[in-house]
Amino acid sequence: MNTNDEGLTLLGNPFASSISFSEINNDDITGTLYIWDVNSSEGDGGEDIGENDPGAGSWKTNADGTGDHDGIIAPFQGFFVQNATANPTVTFTDGAKTDDGNFLGKQADKQLVRLELSGESMRNSAWLRFSENGAWDKTQGDALQLDPLSYNYALIASKKSDSILYDIGHVPVPESDFELPLAIEATKAGAYTLSATQLNLSAGSELYFEDRQENTRIKLDESFSYEFQIQQQLK
């Protein structure tokens, strides 16, 4: 495996059956799964823009059960993990094998927010998770925002105090007012919409979205939708 500090390693499910990421996860890695879904309808929307276009797609992540990926890794599927120790190891055992299916037991409620950015035939999401184990800099349960592998893309991520971009930001349950910046990028100029597709917060908690350029402040709830223009596209 990659032995660089916080390095990423490409692994693969060696079995002809699905495996559960939680069964191979250990203290040597950060507990976050990264899979590039080349067939996703996100990314560049499948447009054919030339031989340099690797196709539509988007990163699917799972951090401690949170994210757009369910943590079940298909047979022979490639995936990335990140080091948490200097000499990491990951072992694939028969005990990791599983069948696709829904968990039918009691699950602890998580405080989660999923934000989705859409526009110009592209989509991307960012998650916020609030727990007593969260932190305002990099911590267990985060998922980095990796660079997209598609030619055209839209991107939304949260930014903690370390200025790193996160696809899943695991932050503390706030005891007072706080601010968490969002980073938004797109390779195409045009009209975009930001919406909240999942919102599970403790009673009495309130979140607000602020566009300081337009001096706009809107409460984040199930009906939240904010339209804006991206004037300058990335090259």
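Let me begin with the strands around the largest pocket: strand 7 (111–119), strand 8 (122–131), strand 12 (182–186), strand 14 (208–211) and strand 16 (225–230) each bring at least two residues to its lining, and strand 14 brings the most, with four residues. Strands here are DSSP runs (E, at least two residues), numbered from the N terminus. A pocket, on a 1 Å grid over the protein atoms alone, is an open set of points where a 1.4 Å probe fits, with protein on both sides within 12 Å along at least five of seven lines, and lining residues have an atom within 4 Å of a point.

Please keep in mind that this is a predicted model, in which local features need pLDDT of at least 70 and side-chain atom pairs count only at pLDDT 80 or more, while totals for chains, interfaces and linings use all residues. Residues are numbered from 1 along each chain as its sequence is written, and side-chain values use heavy atoms, with hydrogens and water left out.

The space in the largest pocket comes to about 1,100 Å³, as filled by probe spheres set on the grid points. Of its 33 lining residues, E179, L180, Y208, F209 and E210 are the closest to the centre.
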